[in-house]
Amino acid sequence: MIRRKLLAAAAIAVAGTLTLTACSGSGDDSTGDGGDKTITFMFRGGPDEKAAYEAAIAKFTEDTGTKVKVIVTDADQYATKLQASVAGNNVPDVFYIEQASLQSYVASGVLMDITDQVDASGVDLSNIWEYGVNSYRFDGTTQGTPDGALYGLPKDVGPFSFGYNKTMLEAAGIPLPDKDTPLTWDEFVAISKQLTVDKNGDGTLDQWGTGLNVQWNLQSMVWSNGGDWTNEDHTEVTVDTPEFAEALQKFADLTNVEKVTPSASDAATLDTYQRWMAGEIGFFPVGPWDVSVYNDLDFDYDLIPWPTVGDAGTATWLGSLGIGVSATSKYPEDAVKLVTYLSADADAQQTLVDANIQIPNLIDVAEAWAAEEGAEPANRQEFLDIAQDYGRAMPAAFTYGAEWYDELWTNIQPVLDGKQTAADYLKETQPKMQTLLDESIANAEQAG
Ligand code: CA
């Protein structure tokens with residue numbers, strides 16, 4: 001469930017590298033029978049996102065006269081459906097792109113270089129999160145650099161924040177964590193132990209300190225301990241280090257040693273995302289895409305910086321999804337106009353932000369939004385701090401495909417179950433990841 005939620009908004013690609021070649025044509029559906037201009041826009045999202053985007057697009061059509069045919073998919077169907085449209089020479093004029101897919105879509109000629117058109121549009125790129133814009137820049141060798149050609153604009157940036165159940169902490173008489181000072185790991189574990197209780201006295205626990213997911217939460221722990229997945233230029237895998245191992249071990253220990261999370265069997269009956277929403281979990285991650293749902297829950301919550309495992313400072317990841325244009329669009333000008341409208345028009349942004357599905361793309365709009373009185377969550381500023389200051393790209397965001405990264409999760413279960421040490425596991429897994437990373441680098445060179 002949480003994986004699905006994350007995919008809906010911000011996550012990295014898990015699909016394989018593309019070997020498909022784009023051909024001509026944006027498809028029969030993209031031209032109306034009467035000769036009216038119609039462009040197609042393919043995206044993904046849940047009901048809230050779909051409604052918000054349809055409202056924004058209706059306004060675009062009203063303003064420009066350009067009709068937009070919308071194709072929306074579930075989050076986990078999107079990559080497959082987009083690949084099928086590429087294979088069928090039926091690429092939508094405008095579509096969401098994942099950071100980790102960008103290089104292969106550029107290499108196979110699917111994505112249009114929109115640098116000049118965006119420049120000419122008058123959009124003030126300096127008022128959009130720099131990380132978001134740079135995510136879709138590629139200079140032929142490196143993605144994410146400020147000098148690369150632009151192959152899309154950000155649909156959003158997705159700061160992955162941390163939250164706590166304020167109502168639960170207050171009921172337990174626990175002082176609320178400071179929004180500006182991260183909890184140390186020991187402090188976090190100590191509070192989590194206080195919160196892990198059998199409230200109704202039937203002999204089984206019904207409230208827990210936390211309940212995290214290794215695939216989405218380990219990054220913060222490793223980074224705050226000074227570890228990382230690779231070296232800076234993404235050529236060497238560096239998971240077999242004491243800093244990385246300590247972080248992964250502490251993750252597993254939350255369940256097996258500290259016992260502050262639901263057990264495997266508790267989590268099987270109701271996953272931790274559902275238990276958090278039921279008010280049974282004290283600390284839990286919060287992304288902007290969760291806010292529309294979390295604001296309707298029966299308890300109050302707020303955002304805080306992630307607890308720190310070591311002394312490298314609080315850390316978390318910052319995702320992004322982009323919006324790109326087909327290199328074979330029959331209406332490239334209108335297609336780019338839709339991209340700049342969705343990414344950077346103040347009215348369109350307001351529609352999307354009012355739906356509580358993302359933080360504003362425009363920095364001045366975001367600052368006003370964070371300062372709103374009565375905002376929920378109150379500390380919206382934490383999202384902005386992640387977007388502006390301390391959020392980091394996912395380890396595979398700018399590599400050519402993510403297989404090397406996915407390999408870490410493949411056989412990790414014995415570590416999570418306390419049957420293998422983190423250090424042993426990482427020692428045996430690093431060479432496998434390195435082989436896959438080497439392959440990805442070779443593929444990138446071949447494609448380039
Ligand atoms: Ca109980």
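Trainee: Why is Glu372 called partly exposed in this predicted model?

Mentor: Glu372 has a relative accessible area of 41%.

Trainee: What makes Glu372 and Arg380 a salt bridge?

Mentor: Their closest N and O atoms are 3.1 Å apart. The limit is 4 Å between a side-chain nitrogen of Lys or Arg and a carboxyl oxygen of Asp or Glu, so the pair qualifies.

Trainee: Is Arg380 buried or exposed, and how do you know?

Mentor: Arg380 has a relative accessible area of 7%. Buried means under 20%, therefore Arg380 is buried.

Trainee: Why is the contact of Lys37 with Asp334 called a salt bridge?

Mentor: The closest N and O atoms are 3.2 Å apart, and the cut-off is 4 Å, so Lys37 and Asp334 form a salt bridge. The pair links distant parts of the chain, 297 residues apart: Lys37 lies in the loop between α1 and β1, and Asp334 in helix α14.

Trainee: What makes Asp334 buried?

Mentor: Its relative accessibility is 9%. This falls in the range under 20%, so Asp334 counts as buried. Lys37, at 36%, is partly exposed.

Trainee: How do you know that Thr204 is a donor of the calcium ion?

Mentor: Thr204 (O) is listed among donors at 2.2 to 2.4 Å. The limit for Ca is 3.2 Å, so Thr204 counts as a donor. The ion is also coordinated by Asp198, Asn200, Asp202 and Asp206.

Terms used:
Residues are numbered from 1 along each chain as its sequence is written. This is a predicted model: local features need pLDDT of at least 70, side-chain atom pairs count only at pLDDT 80 or more; totals for chains, interfaces and linings use all residues. Side-chain values use heavy atoms; hydrogens and water are left out. Donors are N, O and S atoms within 2.8 Å of the metal (3.2 Å for Na, K and Ca); water is not among the atoms, so sites may look incomplete. Helices (H or I, at least four residues) and strands (E, at least two) are DSSP runs, numbered from the N terminus. Buried means under 20% relative accessible area, exposed over 50%, partly exposed in between (1.4 Å probe, protein chains only).
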